[in-house]
Amino acid sequence: MPSETISVRVVARCRPLTQDEQEKGGNSVVTVNGDKVKVNCAGKESVFSLDGSFGPEQSNKHVYEGAVNSLLQGAIDGYNVTIMAFGATGSGKSHLMCGSEGDPGIIPILTQNLFRHIRERNNKEFMVTVSHVEILDEKMTDLLNPHNNTMTIRQHPHKGIFIDGLSELTVKTGDDIALYFTQGTRARKLGSSDIRAHRARANAVFMISLEQKERQSSKIGLRSTIMLADLAGCESINSTDQNIVNGTQGILNVISALAEGKKKGGHIPYRESKVSRLLQDSLGGNAATLIISAISPLDRSYSDTMTTLQYSTLAKKIKNTVRLNMDDTHDVIAEMRQDIARLRDKIASASQPDRDDISRMEDLIRDLEIAKKQTWPEKEKMSAKYEEERKINLANKGILEWVMDSMSRGTKEHQEKMLLLQKEKGQVSSQYKDKRKEVDSLREQLQIKIADYAKFTESGKKSDSETKTRVTAIHELKERLKKETETLKSLKEQLVDVQQRQHQEREDAKSHTSAIKGNAELRQKVEREEREQMEMEHKVMIDEELEKSKMEVEAEKTDIQLRAAEGKQYSVKEGSDLEIQVAEMKADRSVVALKLETLQTEKKHVLSELEEVYVSHREEMELQQLQHFQTFRAYREMFEEQKAAIDSRYRQLLEESIQDAVYLSSRNSDITQENQLLKQQIAEMKDVITKLGGTIPDSVR
């Protein structure tokens, strides 16, 4: 497959001054115009020429449409794509990539457009998976599934450079990707409670893998990877911490080496840091790469801005070699199996196997196991496994609900029962409506026949046979109406029964929910939704009961009309009793209406109080969380201060001990010399005594 050499594209994004910076007297020293970025501070002007620039007045959407949109099309066509946010801490990298509700970032916009392109290609099938990793102080964390297993960066002949042990989750929509990215970002915030500058040292890479093939075709498909990197702050290059230097400086060293590689002999230090190793294909490899240099216009950030733009200019010189990525998984697996079989035969036939052959076969077997996991069914299977693992791992860390931002409203069994009950309710409701129409039609026919019979009897032209025929027809229709009404009542009872079972199942799910500790605001939403659902069901129930009463009244009216047509006469007492009943019903009706109005007023009052309680509770919880956080930070700072004091005291004691040791060593040397002198004097004195015949001279005494 032919390859193409392209340059790394670099654009600048200058954020606006914040209100706090303006209030503190900060000034803007950056202006952008076309592909030029000018930095003018203290009378010194520097101009940088890039592939494009975006000013403070332009939104993230402008950046996406101007620089990113064409890259997404390349990823759909089967080419690897990388988008890096590069710059100092506080320059707007995270806002550029993540955005906000009013100004969505590069990643949310890209994920929605990705599936729009996929839907347009209805002749192809796609498999999309996502991963999210953070590299902090050369330690990798799986943000979607924060496990404690070892993860290593490896290179595979088919998969390329990847992180062995990193979870891959399948997605079906752009909303799925956005949800996983949000959850990974929330898990990433766990490090922000560290008293050290977490954000300045942390690199985050969100990876989207695309695989595609034509429907009902044996042709080889395509695959590609979109890497979205939020790099650590480039101002950390002045740190003395080797982990920070490795993480941040590693990328900068790769950029410098690639920009001036030929002059330095061509060595590219990809392995100096994990992030530079992971992004090896993005810088000088097989990927179409866009670097978005985020810069601050603030005069006090002049040094960081200059550093960012200087490395951005170097990055423009980097050349990548891109090629179409063919998804030949099955061919690769077959080829590996042949190589393994050939090496196995060679090793078995040799009297003394070659260690290189054994090592090569072990590597091939390991690569084969990885390649076998790249089939679509295997990826779906592994994704389901990771999904279960991540819930357990998040729960073990006590952050499941906070990261997932969801509150379980029942287990899978509850949800399935609710769906079945809803389906049953729909079927019974449909039958009830059809039967209701049939009953209404029969009632209209009966009314017509009764009216015709009344006119017939008033005309005075009736005969016994014709009267009998008409009365028989009315009674038959009445019996049929009675039978259908009974069927209608039976359907109504079934409908009520289904509603009661739904209500019971919802109560069971609600009791399950109440057993789970959740977010107060989320509980409020759940309870409000359930309350509204209950009110809606009660309203439907009341409407149905009114319809039932109306049907019974209509049936009673029909009987009265029929009896009147047959000549039924009412006595004065029966008439007065009926008038009394009507008067009582009118009085009851006015009382019921007044009660309903009172209940509505009470409901509004209770809802108002409930909302106030929720708001007060939420504010109190937020205040408590803030206080707890501040207390934690205070304790942490106190701990760090005490630790620093202890370390200082320890170093002081160590220095004093070293000084004492040096002094004692020196003193020991002096004493040794004095001892030697004393020994020599004693020996001389012994010689004198011997010469004097064993007597001690008076001078010695």
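Asp-164 counts as partly exposed in this predicted model, at 30% relative accessibility. Asp-164 forms a salt bridge with Arg-154, and their closest N and O atoms are 3.8 Å apart. The pair links distant parts of the chain, with Asp-164 in strand 11 (residues 160-164) and Arg-154 in strand 10 (residues 152-156), 10 residues apart. Arg-154, at 16% relative accessibility, counts as buried.

**Further salt bridges**

- The whole structure contains 15 salt bridges.
- Side chains of opposite charge can pair when their charged atoms come close.
- Arg-121 is partly exposed, with a relative accessible area of 21%, and Asp-77 is partly exposed at 30%.
- Asp-339 forms a salt bridge with Arg-342, with 2.3 Å between the closest N and O atoms.
- Asp-339 and Arg-342 are separated by about one helical turn, because they are 3 residues apart in helix 10 (residues 329-349).
- Within this pair, Asp-339 is buried at 18% relative accessible area, whereas Arg-342 is exposed at 52%.

**Helix 2 and the residue after it**

- Helix 2 (residues 60-76) has a kink of about 55°, centred on Val-68.
- Val-68 is one of the buried residues of helix 2, which also include Tyr-64, Ala-67, Leu-71 and Leu-72.
- Gly-78 follows helix 2 and has a positive phi, near 105°.

- Most residues other than glycine have a negative phi.
- Asp-137 has a positive phi, near 55°, and is placed in the loop between strand 8 (124-136) and strand 9 (139-142).
- Glu-138 lies in the loop between strand 8 and strand 9, and its phi is positive as well, near 65°.
- Asp-137 counts as buried at 14% relative accessibility, and Glu-138 is buried with a relative accessible area of 14%.

**A nonpolar surface patch**

- Tyr-650, Leu-654, Ile-658 and Val-662 make a nonpolar surface patch of about 410 Å².
- Val-662 belongs to helix 17 (residues 572-691) and is exposed, with a relative accessible area of 54%.

Terms used
Residues are numbered from 1 along each chain as its sequence is written. This is a predicted model: local features need pLDDT of at least 70, side-chain atom pairs count only at pLDDT 80 or more; totals for chains, interfaces and linings use all residues. Side-chain values use heavy atoms; hydrogens and water are left out. Patches are made of residues with over 30% relative accessible area and no salt bridge: like charges are joined within 9 Å, nonpolar side chains (Val, Leu, Ile, Met, Phe, Trp, Tyr) within 5 Å. Accessible areas come from the Shrake-Rupley method with a 1.4 Å probe; for residues, only the protein chains shown count as cover. A salt bridge is a side-chain nitrogen of Lys or Arg within 4 Å of a carboxyl oxygen of Asp or Glu. Helices (H or I, at least four residues) and strands (E, at least two) are DSSP runs, numbered from the N terminus. Buried means under 20% relative accessible area, exposed over 50%, partly exposed in between (1.4 Å probe, protein chains only). The bend at a residue is the angle between axes fitted to the seven residues ending there and the seven starting there.
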